[in-house]
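Subject: Handover of a structure and summary of findings

Dear colleague,

Please find the structure below, handed over for your use.

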Amino acid sequence: MTTQNPVFIPGPTNIPDEIRKACDMATIDHRSAAFGNILHPARAGVQQVLKSTSAEVFIFPSSGTGGWETALTNTLSPGDHVLVARNGMFSHRWIDMCQRLGLSVEVVQTPWGEGISADRYGEILAADTDHRIKAVLATHNETATGVVSDIGAIRKAMDRAVHPALLFVDGVSSIGSMDFQFDDWGVDVAVTGSQKGFMLPAGLGILGFSEKAMAARGDAALNRVYFDVRDMEKGYANNAYPYTPPVGLMNGLKLGCEMLLGEGLDNVFARHHRIAQGVRQAVASWGMELCAVSPELYSDTVSAIKTPEGFDATEIVNLAARKYNVAFGVGLGEVAGKVFRIGHLGSMSDVMALSGIATAEMVMADLGLDIRLGSGVAAAQDYYRQSAKQLQQFAA
Ligand SMILES: *Cc1c(COP(=O)(O)O)cnc(C)c1O
């Protein structure tokens, strides 16, 4: 680990020392086989993390936001219709980007704390008989509210409507920490960034494109230059980039994928589910509620916790930083001041989570909230004790 406290923001996440070291590289020629030995395994690793056998993986010097732009500009044309639900700050920002790019956006207004309604998407698509909607957008895990949406159900709704739109999924705060099934869900473009489930510093926008999304790149008339996947493809064929790649970050990504795949993806997802369950036990013991309105929406990577009416939740985040040097997430947009967030994605263990829960308790008690010190910690401890599995290396 590190000499600092773990962070509990839902990205950037804690960086394992091995990955920090892998990112710290002397300069190599980025148009050489040596770079190819980083680039190709990193792309193959991302493909496996996406649970895909065929997705074309693109890695841009950027972040998740650049990934959104890459998805849109490489597949769509000015005035194209897109369907998207707004249920938190991240879906809100993606909508804003669509509008600023000159797309015609059909927004399904959804209360913050709820998930995307696959049924509503299905109705709209079924009514779109002349197929004006070219892309359906979905934020898999709304990081602002800690709400996960059912992407498989959205795909089924699209299929039921026999609608040919592309399916774009923001998996920035899910991929690598929560199950994501690119192939089985029929995702056309998946977007993420390096600083969340992959446990790296920020700096990479990471995407998977389906064959159908790749086929759309020829006709797509939105302007793009830096994020043009056609230039990137040509580079890849020559172990290179159309410009200078962040070689150290890519080397870190290669290792991040190896670590996730070495642990086993389903073990990684189970670990995050367990950690999140412990956090949820703590929240319940505090007599508090999540922003997510029902259990099937609970995110395993971030918990947005509602604070009592009239209390400014941001004070929790500020005091935790000032007094205990621990970072939690503030509420964003519509839920600013109403929730604080405990991020538990990326490099995280139950023991680390206990320190976050303990810190949150100290801060809330400091601020005069009716919290009994140790109550949440004990609830999480009980859950972790019951659900812990013996580590393989200690197995008899
Ligand atoms: C963090 C995040 C983003 C934004 O990514 P950046 O890397 O900050 O550009 C987009 N969507 C979701 C769901 C996120 O959690």
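Helices in this message are DSSP runs of H or I of at least four residues, numbered from the N terminus. Please note that the model is a predicted one.

By that naming, Met259 belongs to helix H9, which covers residues 247-263. Its relative accessible area is 25%, so Met259 is classed as partly exposed, given that buried means under 20% and exposed over 50%. Beyond its neighbours within four places in sequence, Met259 makes contact with Pro16, Glu18, Ile19 and Met199.

The overall figures for the chain are as follows. The protein chain contains 13 helices and 13 strands. Its radius of gyration is 21 Å, which agrees with the value near 21 Å that a compact globule of 396 residues would have. Along the principal axes, the C-alpha trace spans about 60 × 55 × 40 Å. Of the 396 residues, 59% count as buried. Among contacts with a separation of 6 or more, 72% are accounted for by residues 24 or more positions apart.

The protein chain exposes about 16200 Å², of which 50% is supplied by carbon and sulfur atoms. There are 32 positive and 42 negative side chains, and the centres of these two sets lie 2 Å apart.

Is Ile357 buried or exposed? With a relative accessibility of 0%, Ile357 counts as buried. When residues up to four places away in sequence are set aside, Ile357 touches Gly278, Val279, Ala282, Trp286, Gly376, Val377 and Ala380.

Not counting residues up to four places away in sequence, Asp350 touches Arg274, Ile275 and Tyr384.

Of the 10 residues of H3, 8 are buried, so the helix is largely enclosed by the rest of the structure. The buried residues of H3 are Gly64, Gly66, Gly67, Trp68, Thr70, Ala71, Leu72 and Thr73.

Ser77 sits in the loop between helix H3 (64-73) and strand S2 (81-86). A relative accessible area of 18% makes Ser77 buried. Which residues are in contact with Ser77, leaving aside its neighbours within four places in sequence? They are Leu103, Asp219, Ala220, Ala221 and Leu222. For Ala221 there is a further detail: its backbone nitrogen lies 3.0 Å from a polar atom of the Ser77 side chain.

Yours sincerely

Key
Residues numbered from 1 in each chain as written. Predicted model: local features only at pLDDT ≥ 70, side-chain atom pairs only at ≥ 80, totals over all residues. Heavy atoms only, no water. Helix = DSSP H or I, 4+ residues; strand = E, 2+ residues; numbered from the N terminus. Rg over C-alpha atoms; globule rule 2.2 N^0.38 Å. Buried < 20%, exposed > 50% of the residue type's maximum accessible area, 1.4 Å probe, protein only. Contact = heavy atoms within 4.5 Å. Areas by Shrake-Rupley, 256 points an atom, 1.4 Å probe, with all protein chains shown as cover. Lys, Arg positive; Asp, Glu negative; His and termini not counted. Charge placed at Lys NZ, Arg CZ, Asp CG, Glu CD. Polar contact = N/O pair within 3.5 Å; in protein donor to acceptor, adjacent residues only side chain to side chain.
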